[in-house]
Every structure is written in structure tokens, then in C-alpha cells.
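The following exercises concern a structure with chains and a ligand. Please work through each task before reading its solution.

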Amino acid sequence: MKEKTQQNLVKFISFLSRRKSLFTLLGGYEWWLKKKWPSPDLAQTSYLLTIHSIRELYQRKKPVVWTSLFFPSEFIWAGSMVPFYPEIASGLVAALRWSDFPLRSSFQKWVSADLCSYHRLSLGMSLLKLFPRPDFLIATNTICQGTVGFFQTLAQLWRVPFYLIDVPFADFSASEKYISYQLESLAQNLSQEWGIRFRWEQVFSCSNQTRAVIKDIENLRKQKTIILAPPTKNLDYLPYYYQFMGTRASLSFFTQLLAQLSLTEPSSCHRLLWLHLKPFYPNPVPEWLEKNNLGVAFEEFASLYPGELSSREPFSSLARKILYSWQLTVGRKRISHVLQLVQEFEVQGVVQFNQWGCRQSQGMNFPLRQALRKQEIPFLELDGDQIDQNHRSDEQWKTRIQALAEMLEGNR
Amino acid sequence: MKVGYFCGYLPPELIRSAGGEPVLLEPEGKRVKLGEKYFPTPFCPFSKVFLDNLLSGSWEKVGTLLFTRSCDASRRLYETVSSLPGGESSFLLDLPHEVGPLAWNYFAHQLKKLAHFLLDRTGKSEKAMLSDLEQEVKSSLIIRRKLTEEYQAGRLPGAVFLGKEGGSPPDFPRVVRGGLPLFLIASHLWVRDLIGLLEKKSILVFEDTPLGSRRWLLRENTTFLLPPEEDPFLSLSRLYLEWKAPCPRGPWRERLAFIQEMTRKLGVRGVVYFYPKFCDFSLYELKIVRDELSLPVLSLEYDTLPNLAQWETRLEAFLEVLTP
Ligand code: SF4
Ligand code: SF4
């Protein structure tokens, strides 16, 4: 599409996105869809939820809160607010093959191409005023410190308050207290300034039930012949693991997924553990994996906090949930977690997609490689970018996937 | 015992009170070979150069290394160093990202842990350390206050703050030459090279770097009074989190206010933003500086090697715009 046409189209969509009444009309469409699909399958459930979320986010009847992946959505749902995860939404924009324009827009406004593309794309979508306007921002810096710079820039662009939940790196009990106090003072702040009232009971109970279903899914996936296909598909379900935890939407989604998984045909493919995320734009990686008889047994981002959320101690239990992300972010803990998953899911190889702008994960590659080599577990690294197609390298991916398959065949 | 550190949030006051000798580490530039093995291409050049210096024996006499949880690169650098032989003598100081009473208390607790780590190695008694620390914090505030006044009055330009090993204060006041005043925001590497280049072009350069003034200066709204804290760790914590000049890690409003205040007081004509490739904090701050500061900004990027010729060309073009 020509640049000029694209700019005009963006202006038009951005204009429409600010017309709240338009989104009220979506309510009718949602009602019609529900009639049409009385018992929706997984794809239909996802579609319905997308329409519903778009309506809630753009209609703005409740405060819209932008947040980062490891901030528990239960906190937001319990305050009757609507969470928006820009990092998740970036994946969706990329899947729609629409990432180029916002990425270019952010670059033109001094957002460096060396930053993480999840953040660059979200900044582009913000500059174009296409993402829903936030009332305020809440983020944790648990997974990466880049998130802080990203949210600070969002606060500067949208001119809205930003609340950071600072997550330490060591010392569990001091950290739990520190995070719990921060959550409590945030809740007080929001009550005073925004009139938000928190009702934990229902949201926590729903989250705990969902967690139990996810645990069943995990147990099923530990069986040697069970594979969730196509490979990496489970990463498309991340919104249910993060954004919608604590809602009926996640609970019913995972209940359906569990039922579907119980009926899958036994598989004899090589089992892999998938680290980090995957390219979200259309790409042939899943197909190549499948063709080479490789399946994904488990994804590290699907590892869930094993404890219960308790409405008797909401802030401490949420703090513990946030701290569970140390499994992904603290080097030593991540490596032993990866080795544990290798054992539990009986995988034969580990794959990591190295995201170009992600310092936190790439900075850990050396010790991770060493630990896996020591245990003689093949480790496949795919370099590229999960959002920005300019860094894709299909040929390299194909060759490396084939090499891994050959190695695993040889090991049979 | 020599205690090496590089982050501006590691208090030499504490190292000294605990019986250590603080050594501000300034890695030397050379072709990075060893560092590349540990970190990928899109990664902090400082971490690579640091690791290279460490592994090639530049700091053999430094017994203990201190790191902070600031950026992703620095925590990975700590993890890498602590996994190497001898790595058990390194320590990661957990540095909160926010300001306010919660963060001050948390940081005070972490500083205490660092003190015990050091005392275990130096053998000094806790009691002696506590009384020395109180004194250290008091005199540090007096020195910092004086330096801030001198700096703001334009009497401490150039490299005067740099290379003061162990956090000892620079000599002041200085005799000042004339020249076009510019504000230099930079990181750890090649700062001396760039200041040299700027001075060669008759520029009166005021640096804001972790090797120099940023470790010393106080914020504008600082009361300059030592609060009546009973706990010297809490005083120290507040000195670093609340009063010391903030760094690009933020919080961005405070950081921006600091830059605006300094550039206004110094009457500089422009800003040179000298940043490491792949440094997230710098990349985000550069955008905010460009958007929010009403001064011309020259951005110069570097990786693991200095590139004086290229910087000079860019600088000359910038100066032409500033002094037509
Ligand atoms: S991909 Fe890495 S840098 Fe980007 S948001 Fe995730 S953890 Fe942070
Ligand atoms: S702040 Fe930037 S330059 Fe300093 S260690 Fe971190 S990534 Fe490297």
C-alpha cells in the first residue's frame, strides 16, 4: 500500500476508534454471534472474546489500564477495570501483518530500532493513536528493565500516570513484603484517586479454578504421546494465561482446551521444550517443525504460579505470584527450572527463539547453553525478531530445524 | 581489601566504613574478544568490555566486585561474573527503581546486607563500622553540597570529576576557560576520549556521567540537611535514592527535571548525548531528551571500540549549526 494511502487510512481508523458510540454497536454483533454459536469451539470463543474486549476497551465505560505481562490481571479485574497488555496486542498486530507501519512511525519519532520490537510496535500504535487510550499505566519490571523505559515513554506520550511495581531480584521474604506493600499502597491510591473498589473473592476463586484446569492440561501434556498441535500454537493462547486470568473467559477456554486435548490422537514425534516466545507474524516455522516430526511438549511461558490466590491476604498472594516470574528472569532459577521442565515433560530437545532487542534473555544464553550441553540436551537457537519481519531469516531457521531433527533421529 | 565497583549507586561511603578500599573501575578500551563469547551481538558494549578487562587480568588486585540491579545487562553481567571461578566474592546490590519511603527502607535493608558481606571479608567490627558510616554520610553531604554549587556556577567543567578512585572528592574550585558551553550526557565508556575531543574544539563541556559528576551532584530540591534518621543506613539510602543526581534509569520525570535544571543553570547551548548501542535506558532517555528539551541535541552512538574520526565529523556539523 502506498505510504500516503496508508497514512490516510490510519487517520481514519484512529478517528473512528475515538467514537465511543460506534463500539456500542458491537454489542449487537456480539449478541448475534452468541445466538449463532450457542456452544462455540476454541476459535469461535477467541473471536467472541476479541470482539468483546475491543468493545470494552474502546467504549471506555470502565477505567482502561495498560499493564505489562507479569502484572497479575486479577488485580485489575478485581477493581472492575479493563486490562490492556500492549505486549500481547503487539503480537496480534503482527499476526494481522500490520506491524510495518507502526514500527516505521515509532522509528521516525526517535524510537531506536535496537529496542525490543514488542515495545517499539506499541509505541508506534500509541503515536498513531490506534491502541485504546489508557487512563493510567501499571507495570512490573520483573521480566525486563526495558519495560520501565517503555512504560515511562508511554506515560510521556499519553500524558497519564504510571505506577511501577518494582520487583527485586533476590531475597524472597524481603521482596515479598516490598511488593506486597507496593500493591497495597497502589490499591489505596487508586481507591482515593479513581474511586476504585476491590472485590477479590470472585476473581481469585475463578483464577484458582482456572489454575487447577491448567494444571490438568500440564499433567496431560506430560504424557509422552500427547502433543498440542500445531507446534507453538499454545503461545497464541497467552492472553488466556495472562490477560483473562480471573475471568470466566479463561476458565471456559481452558476447560474446552482440556477436553479437546484429551481426545487427541497419540503422537510419536520428538518432544521439544520451547523457550521465550515465537514470531507472531505468519511464518513457516510451525510447518517445518511438523514436517520434521518435531512437536512442542511445553512452553516456558505457560509455566503457571502453583500457589493459590487468597482474598484473606490479597497483596501477599499477588506478590508471591509476581515473584514466581523469577523462574524466567533470575539466571540460576531459570536454568534449574528449564532442566526441571526437560525432565518432567520428557523432552528430547530445547528450542529458544532469540528476540533481537531482548537483553534479559540473550544475556543468559551462555550459561543456559552450558547447562544444557552438560546434560547432553540438544539446544536449538533461532535468531530473529518476533514482531519485526525485517529481522526474519527463514533460511537459517529452516536449516537449523532440519539439523535438530536429524540429530534427534540419529539419537533414536 | 580493594573493592571494585562502577555503578553510581554503590556508596563508597559504605565500602570505606566497612574497612574496604573503594576502586572505581574504568574498563580500558581494546578489541573485545573474551566478552563476545559470553554476550550476543545486540548487547551492552560496556558489559563486554568490562568482562574482557576482568578476564584478561586488568583488575587482579581487586578482591571483591560489587554490582547493582540496575539494567538487564548489569544483572546478567553479575550473573556471568559470579559463575566464573572466584565469582563468589562478587555481590549484587538490589537497587529499587522507585523513590519514596518504601523504597528507602528496602534499599537501607539491602545496604545492610552489603555491609555484612564486606565486614565478613574485612573483619572490622559492626560497631566501628556504624560510627564511621554516620561520619562518612555527614561529610559526604557537605562535600556534595559544595560540589553541586561549584558545578552549577560553571566552575567544574571538563574531566575534573573523572577518575577519582575510591570516590574521593575532586579538587575544587577550578579556573575556568571560555568556550561554547555544552552539556554532555554519557555512560561509562570513552568518556575521556570524547571530553578530549570536545575540548580540542574549544568547547566548555559539563559532563553528566556515571564516572564523573553524576556520582557527586545533588538534586535541586535537596534541603542539604542530614535528616534526623537514627539509622545511618536509612540516611545513606535516602542520600542515594532521594538526593543524588538521578541516572537514565529514571524515574524519568525526576531525571528530566534534573537535566532541565542543570542545562538552564549552566546556560549551555546544546546537548551531546553519547550513548552505548543496545543500552535500553539510554535509548529511551534519548527519545525523552529530544522530545522534551528545548535545546539542540547531537546523538553519538558507540559500540565496543571508540570511533573518534566519525564522532569528530558529526561534532563539526553540529557546531556549524550552533555557531553559524
Ligand atoms: S521480549 Fe524481552 S525485552 Fe521484550 S518485553 Fe519481553 S522480556 Fe522484555
Ligand atoms: S545502563 Fe546501559 S551501559 Fe550501563 S550497564 Fe546497563 S546497558 Fe550497559
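Contact means heavy atoms within 4.5 Å. Helices (H or I, at least four residues) and strands (E, at least two) are DSSP runs, numbered from the N terminus. This is a predicted model, in which local features need pLDDT of at least 70, side-chain atom pairs count only at pLDDT 80 or more, and totals for chains, interfaces and linings use all residues. Residues are numbered from 1 along each chain as its sequence is written, chains are lettered from A and ligands numbered from 1 in the order in which they are written, and side-chain values use heavy atoms, with hydrogens and water left out.

**Exercise 1.** Determine how many residues of helix α7 of chain A are buried, and what they pack against.

*Solution.* Step one: apply the cut-offs, by which buried means under 20% relative accessible area, exposed over 50%, and partly exposed in between (1.4 Å probe, protein chains only). Step two: consider α7(A), which spans residues 117-127; ten of its eleven residues are buried. Among them are Ser117(A), Tyr118(A), His119(A) and Arg120(A). Step three: identify the partners. The buried residues of α7(A) pack against β1, α5, α6, α8 and β7 of chain A, together with α10 of chain B.

**Exercise 2.** Describe how α7(A) and α8(A) pack, giving the angle and the residues that meet.

*Solution.* Step one: state the geometry. Axes are lines fitted to C-alpha atoms, for helices over the stretch in contact, and angles run from 0 to 180 degrees between N-to-C directions. The angle between α7(A) and α8(A) is about 5 degrees, and their axes are 11 Å apart. Step two: classify the angle. Angles under 35 degrees count as roughly parallel, over 145 as roughly antiparallel, 65 to 115 as roughly perpendicular and the rest as oblique; α7(A) is therefore roughly parallel to α8(A). Step three: list the residues. From α7(A), His119(A), Ser122(A), Leu123(A), Ser126(A) and Leu127(A) take part, and they meet residues of α8(A) including Gly146(A), Phe150(A) and Trp158(A). Step four: sort by class. Ala, Val, Leu, Ile, Met, Phe, Trp, Tyr, Cys and Pro count as nonpolar, Asp, Glu, Lys and Arg as charged, and the others, Gly among them, as polar. This contact of α7(A) with α8(A) has six nonpolar, six polar and no charged residues.

**Exercise 3.** Examine how α8(A) packs with α10 of chain B.

*Solution.* Step one: α8(A) (residues 146-158) and α10(B) (residues 280-292) pack at an angle of about 15 degrees, with axes 8 Å apart. Step two: the two helices are therefore roughly parallel to each other. Step three: the contact involves Gly146(A), Gly149(A), Phe150(A), Thr153(A) and Gln156(A) on the side of α8(A), and α10(B) contributes residues including Asp280(B) and Tyr284(B). Step four: by class, there are three nonpolar, four polar and four charged residues in the contact of α8(A) with α10(B).

**Exercise 4.** Which backbone feature does Lys129(A) show, and where does this residue lie?

*Solution.* Step one: Lys129(A) has a positive phi of about 60 degrees, although it is not a glycine. Step two: Lys129(A) belongs to the loop between α7 and β3 of chain A. Step three: because its relative accessibility is 32%, Lys129(A) counts as partly exposed.
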